[in-house]
Every structure is written in structure tokens, then in C-alpha cells.
Amino acid sequence: MATTITMPQLGETVTEGTVERWLKQPGESVEKYEAFVEVSTDKVNSEVPAPVTGTLREILVQEGTTVATGTAIAIIEEVGAVPAASAAKAASPGAAASVTEPPKTREAMAASANLEPVPGFNLPEMPVQHAGNGHARVAPPEASSETSLRGVSPAVRKLAREHRVDVRSIRGTGANGRVTAQDVLAAASAAPAPAAAPPAKTAAAPPLKPGTSTYGEPIPGTLIPLTSARRIIAERMVESKHTAPHAWSMVEVDVTNVWKWRAREKDAFERASGYKLTLLPFFIRAVVESLAVYPLMNARFTPDGILVERDVNIGIAIGLPTNLVVPVVKGADKLSIKGLAIASGELIDKARRNKLSADDLQSGTFTVNNNGANGSYASAPIINGGQAGIVTMETVVKKPVVTADEAIAVRSMMNVCLSLDHRVVDGYVASGFLADLKKRLEAMGPSGIL
Amino acid sequence: MAVASGSQTMNNVEAVRATLYEAMKNDDRTVIIGEDVGNRGNVFLITKDFIKEFGPQRVIDTPIAEASIVGIAVGMAMEGLRPIAEIQFADFIYPAFNQIVGEAAKTRYRSNGEYTCPLVIRTPYGGGVRGALSHSVSIEALFYHVPGLKIVAPAFPADVKGLLNAAIDDPDPVLFLEHKKTYRLIKGEVPDGHYTIPIGKADVKKTGTQLTVVSYGLYVHWALEAANALEQEGLSVEVIDLRSIRPMDRTAILESVRKTRKLLIIHEDNKFGGIGAEISAMVAEEALFDLDAPIRRLAAPDVPAMGYALPLEEEYMSSPAEMADSMREMVRF
């Protein structure tokens, strides 16, 4: 029996998902609960487990394609079942014939090669045909060993990208009509201006040079294709900056005592929990206490009014080599400093191992950005969409400070910067919030109960 | 010896013999130790009459005890001699595995550089001579996993001399593999005088543009035969002779693959976990986006040994015709 696999709903507000990577190819067997496809939504990548044991019969959605949740993405033939294709062949010779018809075969070959959309040339729509089961689907490739030999090779993909040639426009001279690297080079020298690319885009595009450039290893003079994470970050940042009028303020906080408190506790804490004790949980604790005093800072702008959030869920901005993630400590106002240290430690650990779930990334109501690790003294952060503000912790520096009794003392000072959505709050509330936060941080330590 | 001026035609046995003779002549620290190396003069007559000229203290006949041969040689090497140990056939090297892997290869590391182990272990290997189960084996993959051990397997007389000299000069242990079918089959010009070929450098024996073939030992000759035949069909195949298995000349392989975009590895040893597996992995890691075809390995089937019966031996070995078929398929792919 064939089981149709649909795009799962990864998170309550998610309406669509992108097929990032097929971990199995048609013809390969899958175990129940074995991951067989990687799907991404918003900022999270998830591996989807197979609901049944069997053979992956068909891939219906190519890598890089975004479809609505519930859309059929693959068909798994359960173990022991007769492949539907051979059943269809027996029942309806016409339907099967169309599958093996030569012109379709070449397109199936191209489809099976999982061509990514490449900036600079447009891929035609994948050919679809209707099979007996009623699903619109890409014509399936032939026997798997043949398929792997007949796919578009990495060299062809690279050369096609570099020379902006549409592989499907080339007549292959390789075995069984395969397009070879030589064919691409021949096509590139025959047609210097590719027809597939609109002239305006061609003119605007930066010159492409040989070499595979990635975000991790950027090569000057090349174009790095957008990953879905990169694309989403770009969209979110533009959206936030365009819709939320950002205002900015900064206070200088004396963290000498809380710094000493942390130093006193950190070794014992790390031994007991396995997580490093940074200033972050102390800071989050102060933030949630200030949010309790200034609930307007824990709110969002909606067309109907200012929605004051019930929960206090603190997002933590974490920079990874290729992208930013903001996992959320839920119910942060109900956690002690110790609880916050463990919760944030877990999330940071998961982020670095790329194991964050969709759930880890949603429902944030306010965001903290620990920006000072590399010495930043002040920064103007962009608000996470749907929140009233974001605060940063800048670098801690020792400075001579005039104390309340007019003496000069060496103190550990840290700037705290706030960006706020001016639609939600004005400077009056924001500065009150910052002053409250400063007061709380300065009151922490040099000892206490975590 | 005369000053390097000309060259002489030699087969591989003669090249090994001439090089060993020079080494014995030029350096008193050189010692040859192994089964039948003395009075018998080696089963292939490589050290014939050496014992008469250099005496039994420098040409040492041993009992049939490979662990002792290598173990004694390791001690000699650590204390300043330049031993050249012989394992009569590579098939018999297993008892010496611990001495080679556990001792020789680790000497420098274990002693923090205080001791080195300038030891050469020569051994004839390979099949195609009706040698059956115990005179046909390829052992390179069993040893190439081991850091600290160099492995060379030259195919041409001139390379034999240059690499054997380099192995003798090397301060660390070198496993020197001599393909026994090439011993008298392969002849070539060998330059006069002392010279070395750096260990770890491959050699492009034939240039081509459509396919890179990487091989070593006897199969280099057969691959060249196949590639030359394909030239008549208008197909252009590049043949690289690894010469050194470890260190491996990654640069030469990658440069060639980036040019031809296709890679075929041919070796006589079993396919699974063989030298070809390492080359494939390296190319996949370094040059995936230059590949226009799946990497292919033509190697022995995973059966325990090469049989004595001719059909079994032929089934185990690849022939020049089979090599040509694989090359043709890959060029046309």
C-alpha cells in the first residue's frame, strides 16, 4: 500500500514549509521513524521521520520548493506492497506508456537531479502529469541505478551556474543523452547571452567567477545563493525596520557587584549543571522584573490596539557562523537566575548543534542580545517583529567612576542599549524601563541566592 | 660507480639488485636481513653473491620468523644501522605486523624524536603469476591506515631505483613493495649514479584530457596499455602512477581530476577499504563540484584470496581489456 506523506505543520502558526533536502532518494528503503526529509520553516530545520516502513517511491516536491502544510510531498510504498506503478501498468497500459515515453524521460532526468533555482536563470516549471492516484506529480525517474548515472553531475551544475546556462536547453551528448560538462561549456561559448535570463537582470547581476562560494567561505567576485534562513532573516529585518519606527536609548550600568557575584558562583555552577554561568541569566532576571513594572514594554502593536502580553517569554539572540537564531526562554518571569542559566544554556547549546525545534523559536515577547562578547560598546539592534523592544548587553569595562560620596573608584561598567517600537511606547515609558533595569542590575550582588 | 652520464636498460629485479648493491657498497651501516638473502641470494636472485662480497655480518640469513626479522631490524635501525629487511613474500608479513605497526611506525613519536627508525622493509607482492593463495597477496591497504609508516610501490625500473634510494635515506620506516609480476616483465632505462625520487610524488605516465586513471604497481602498465589502445579510438585518458601510496600525492590527483572531471581508480587489491576508497573520499571532499561522473573503482572482488586455477586468477585480476572497457564507459558517460 502506498502512503502519501504531506508537509507537516511544524508549530502552531506555521502555514508552509520548504523541502530543504531529501535524505532518501526514490528506490531507497526507509524505516519507520527514520528521518527521510529535511524541512525548514521560518528559522528552524527539522528532520521528518517516516510514518511507515517501506520504500520511497516518489518525491513530489523538489528541494528548495515551499509548499503549504498538508501538501503531498512524497509517496512511500509500504513493505511487502506491490509497487503501484506495475499495478497501473497491468491495469492501464496507456498510463504506464506515458511514463516511459522518451521526451518525458529527459525531463524526468532533469527533475530527478534536484536543480536548485539559480540566480540569473529561470528554470521552467517541472513537468507534471496525472497518475491514477489523482496526485499531480513529477514524472518518476526510471530504475534507480540508471537515475544516478543520468543525473546532472556536480560539475555540470557548477558550470551551468557559472556560465548561466539552462541545462535543460542543452542537447546532451553523453551516455543516454546526459548533459556533460563539455556540453555546458560548448553551449556557453555558443550563446554568450542566455535567453532564459531577462536582460535587465543580467545587467544588474554581479559578474560571476568560477568557484563555489558559500556563506561560510565567501569568495570575492561570486554570488552566494540565498539559504532559506538567510532569506527569512532578510525579510524579517526589512519588515521590522519598515513597519516599526525604531527609537533608541542607552544607559550605563555599574555591574561591579553582580560581576563579583557571578565570579563567586560560576565554578560551582558549572560543575553542578554543566553550563557556563555568564552574566546573561542575571541580566534576564533584571529584565523580567522591569517588564513586570513596565508591562507596556512586554506588548505588541496590532491594528486593533496595543496587545499587552500575558506571558513573559525572552528571546536570546545567538549569532551562528551562517545565520542568527533567537530561541525563546518561555515563562522567564517564573524562573530564578539558576533556572534562567540552565534554560538559556540549553538553548545556546541546541542552537550551536543546529538542534533547535520550531517550538524553541516561537512565542517570544521581548528580546535580549548579549552583544558585548567581542567588545561592542554600544549598538542599535533591530526589534524582533511583533515585540515592543530589544535590549543589548554591551561589553563590561573597568572605568574610573565618581561614586555617590564623590570618591573616584574603579568600577565594572556596562552599557545597556534599547531599541523600542515607537508605535507601542514613547520615550517616557522606555526611559522609565531602562532606569528601572539599571537600578535592579546595580542592586544585584555581590552575593545572594542564584 | 661511474659519474652519472648515461643509463642502462634493466628490469625491475636488476634495478632492485643494483640499488641494493650501491647502498651496501657506499655505506657500511647498510645491512640486509631476511630469509634466504645470504647463501641462496634471495629467491629472485636479487642479492646473489652479496654474502661473498659483504660477509654474513652484513647479509644475514634468518630463520623463518618474520616477527624476528623486523624486530631485529627495528633495533638495528634505532641504534644507528641502516637495515634493509626482506619479507620473502608479502603473504608472510602478518607475523611481523606488530613489529611494523606497533614498533617501527611509532618509534619517533613514542621517543619524542629521540629515536628514529630508518628501516626499509622490502617485499614482493601481487599476483598474476599463478602464485595461488600464499604468493599473490596485496598488503598495502592493511598498512596504509598507519601514520608513521611510508609505503611505496613503484612500477618502473627507474622509479624503483630512485624510490629505493629515497627509502634507504629516509629517517623513518618505509614499506617497499615490489610487484613480482613486473620483476622480469618490465624493462626500462635506469640512469647511472646515485639519485632519489621523493617519496610522496606521483608521476603522470600519460597525459590525457577526458579521464583520470589512478593506479600503481603492475596495473599501471596495463592501464597504459588500455589507454594507448583507446587513443586509437580518439579517446584521451590520463594515467597517473601513484608510486607512493602513503604519503599520497593529493595535489597530482586533484589537479588531474579538475582537468578531466572524471576519475577511475584501478588496483589489484580488494575494493572494500582499499587505496581507491581513500582516493575517492579525498576527491569527493576536495573536488566534488569538478566531477562530471561518479567516481569508479576497478578492483579485486572481495574474496579471501586469488585462486590457483587460471580461471580463478583471471577472475580476480583485471585485464587490460576490462580496464579499456571501464575507461571507454567513463569517457563516453
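The structure is a predicted model, in which local features need pLDDT of at least 70, side-chain atom pairs count only at pLDDT 80 or more, and totals for chains, interfaces and linings use all residues. Residues are numbered from 1 along each chain as its sequence is written, while chains are lettered from A and ligands numbered from 1 in the order in which they are written. Helices (H or I, at least four residues) and strands (E, at least two) are DSSP runs, numbered from the N terminus.

**Contact between the chains**

- Chain B places 10 residues in contact with 12 residues of chain A, two residues being in contact if their C-beta atoms, placed from the backbone, lie within 7 Å.
- On the side of chain B that touches chain A, six residues are nonpolar, none is polar and four are charged. Here Ala, Val, Leu, Ile, Met, Phe, Trp, Tyr, Cys and Pro count as nonpolar, Asp, Glu, Lys and Arg as charged, and the others, Gly among them, as polar.

**Sheet and covering helices in chain B**

- Five strands of chain B form an open sheet with mixed pairing, in the order 9-11-10-13-14; two strands pair if DSSP finds at least two bridges between them.
- Strand 9 (203–206) and strand 14 (296–300) of chain B each have a single partner strand, so one side of each is left without a neighbour in the sheet.
- From one strand to the next, the twist averages 25°. Axes are lines fitted to C-alpha atoms, for helices over the stretch in contact, and angles run from 0 to 180 degrees between N-to-C directions.
- Strand 10 (residues 211–215) and strand 11 (residues 237–241) of chain B run parallel and are joined by five bridges; B:V214 has B:I240 of strand 11 as its bridge partner.
- Helix 9 (residues 218–231) of chain B lies across strands 9, 10, 11 and 13 (263–270) of chain B, at about 170° to strand 11.
- Helix 13 (residues 320–332) of chain B lies across strands 10, 11, 13 and 14 of chain B, at about 170° to strand 14.

**Helix pair in chain B**

- Helix 10 (residues 250–260) and helix 11 (residues 275–287) of chain B pack at an angle of about 60°, their axes 11 Å apart.
- These two helices of chain B are therefore oblique to each other: angles under 35 degrees count as roughly parallel, over 145 as roughly antiparallel, 65 to 115 as roughly perpendicular and the rest as oblique.
- B:R250, B:I253, B:L254, B:V257 and B:R258 of helix 10 meet B:I279, B:M282, B:V283, B:E286 and B:A287 of helix 11. This contact comprises seven nonpolar, no polar and three charged residues.

**Helix pair in chain A**

- The axes of helix 10 (residues 280–293) and helix 11 (residues 337–352) of chain A come within 8 Å and cross at roughly 120°; the two helices of chain A are therefore oblique to each other.
- A:L280, A:P281, A:F282, A:I284 and A:R285 of helix 10 meet A:I337, A:L340, A:A341 and A:S344 of helix 11. By class, the residues of this contact are seven nonpolar, one polar and one charged.

**Sheet in chain A**

- An open sheet of four strands in chain A has antiparallel pairing and the order 5-4-2-7. Its edge strands are strand 5 (44–49) and strand 7 (66–68) of chain A, each pairing on one side only.
- Strand 4 (residues 35–41) and strand 5 of chain A pair in the antiparallel sense over six bridges, and A:S40 has A:N45 of strand 5 as its bridge partner.
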